[in-house]
Amino acid sequence: MSSPFSAVKPSLKLADQVASTLEAEIRTGRIQAGGKLPTEAVLAQQFEVSRTVVREAISRLKSLGLVDSRQGSGVYVQAPGIAPLQFDLAHAASREAVMQIVEVRRALESEVAELAAQRRTAADVLAIRAAMQRISDAVQAGGDGAEEDVEFHRAIARAAGNPFLISTLDYLARFLSGATRVTRANEARRSDFARAVTQEHECIVAAIESGNPGAARHAATEHMRNALSRIAQADPAFWAQHGARLAQPLVNASAD
């Protein structure tokens with residue numbers, strides 16, 4: 001590249017800033033297809049960030065299909081295609097944003113569960129059950145189990161055997177994680193909510209394990225429908241004290 005990049009602002013997520021800057025350079029043609037990105041070390045120095053931040057930014061560019069790693073050679077720019085899907089959630093209140101993301105999850109998770117029931121292997125089932133157990137372990141250790149919950153659903157997606165679905169879930173991860181943090185925090189306030197979530201997860205897994213696609217789709221749809229209901233039942237104090245703060249990353253992410 002003709003000139004080094006500027007240091008990024010520490011007030012925003014560093015990896016997102018680095019990725020957005022590089023993406024803009026690629027899409028405007030200032031970095032042309034076939035060109036090689038500077039090394040990880042050079043980018044870290046130019047942006048004044050850690051190499052871990054650079055790796056995360058490059059990973060995001062890979063998910064967008066803008067770069068490709070060649071073993072032993074480096075990271076090369078690919079011709080940009082149509083701009084990726086973006087979410088404009090900045091207009092929405094926190095509660096509305098969370099419910100909108102759960103609606104997106106309902107459409108995705110239902111299809112994923114049905115495919116998983118059709119295609120799962122014994123190893124897939126073991127991985128899904130292990131992921132479900134990690135949610136319980138995290139909660140018993142005093143956590144909210146949000147990240148473990150996302151990984152549980154990702155394990156089901158892997159069992160579905162469709163790499164495009166997995167890529168879609170990866171792209172949505174920053175939104176899904178934020179929404180899941182809110183739903184898990186809300187559910188932890190009531191023991192009946194927490195028990196219901198565990199039972200719903202078990203219904204999904206049982207249907208996948210038994211190879212019943214219709215039951216798996218229904219269980220996943222009901223899980224997301226009930227999640228929406230639980231959000232709707234959250235009292236105003238939850239949003240004033242916790243919900244709005246936990247949901248803020250959704251609004252921030254939409255502005256990236």
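Colleague: I'd like to start with α5 and α6: how do these two helices run relative to each other?

Modeller: Happy to start there. This is a predicted model, and in it the question comes down to an angle. Angles over 145 degrees count as roughly antiparallel. Helix α5 (residues 122-140) and helix α6 (residues 146-160) pack at about 175°, with their axes 8 Å apart. The two are therefore roughly antiparallel to each other.

Colleague: Which residues in α5 and α6 meet?

Modeller: On the α5 side you will find Asp124, Ala127, Ile128, Ala131, Met132, Arg134, Ile135 and Ala138. On the α6 side they meet Glu148, Asp149, Glu151, Phe152, Ala155, Ile156 and Ala159. The residues of this contact divide into 10 nonpolar, no polar and five charged.

Colleague: At what angle do α5 and α8 cross?

Modeller: The axes of α5 and helix α8 (residues 191-209) cross at roughly 170° and come within 10 Å. That makes α5 roughly antiparallel to α8. From α5, Val125, Ile128, Arg129, Met132 and Ile135 take part, and they meet His201, Glu202, Val205, Ala206, Ile208 and Glu209 in α8. This contact divides into seven nonpolar, one polar and three charged residues.

Colleague: Let me step back to the whole chain. How many helices and strands does the protein have?

Modeller: There are 10 helices and two strands. Following the sequence, you read α-α-α-β-β-α-α-α-α-α-α-α.

Colleague: In which sense do the strands β1 and β2 pair?

Modeller: Strand β1 (residues 67-70) and strand β2 (residues 74-77) pair in the antiparallel sense, over four bridges.

Colleague: Is Glu48 buried or exposed?

Modeller: Exposure is read from relative accessible area, and a value over 50% counts as exposed. Glu48 is at 62% relative accessibility, so it counts as exposed.

Colleague: What about Thr221: buried or exposed?

Modeller: The cut-off for buried is under 20% relative accessible area. Thr221 has 17% relative accessibility, so it counts as buried. This residue lies in helix α9 (residues 213-233). Once its neighbours within four places in sequence are left aside, Thr221 is in contact with Arg106 and Ser110.

Colleague: What percentage of the residues in the protein is buried?

Modeller: Buried residues make up 43% of the 256 residues. The accessible surface comes to about 12900 Å², and 53% of that belongs to carbon and sulfur atoms. As for contacts with a separation of 6 or more, residues 24 or more positions apart account for 75% of them.

Terms used:
Residues are numbered from 1 along each chain as its sequence is written. This is a predicted model: local features need pLDDT of at least 70, side-chain atom pairs count only at pLDDT 80 or more; totals for chains, interfaces and linings use all residues. Side-chain values use heavy atoms; hydrogens and water are left out. Axes are lines fitted to C-alpha atoms, for helices over the stretch in contact, and angles run from 0 to 180 degrees between N-to-C directions. Angles under 35 degrees count as roughly parallel, over 145 as roughly antiparallel, 65 to 115 as roughly perpendicular and the rest as oblique. Contact means heavy atoms within 4.5 Å. Ala, Val, Leu, Ile, Met, Phe, Trp, Tyr, Cys and Pro count as nonpolar, Asp, Glu, Lys and Arg as charged, and the others, Gly among them, as polar. Two strands pair if DSSP finds at least two bridges between them. Buried means under 20% relative accessible area, exposed over 50%, partly exposed in between (1.4 Å probe, protein chains only). Accessible areas come from the Shrake-Rupley method with a 1.4 Å probe; for residues, only the protein chains shown count as cover.
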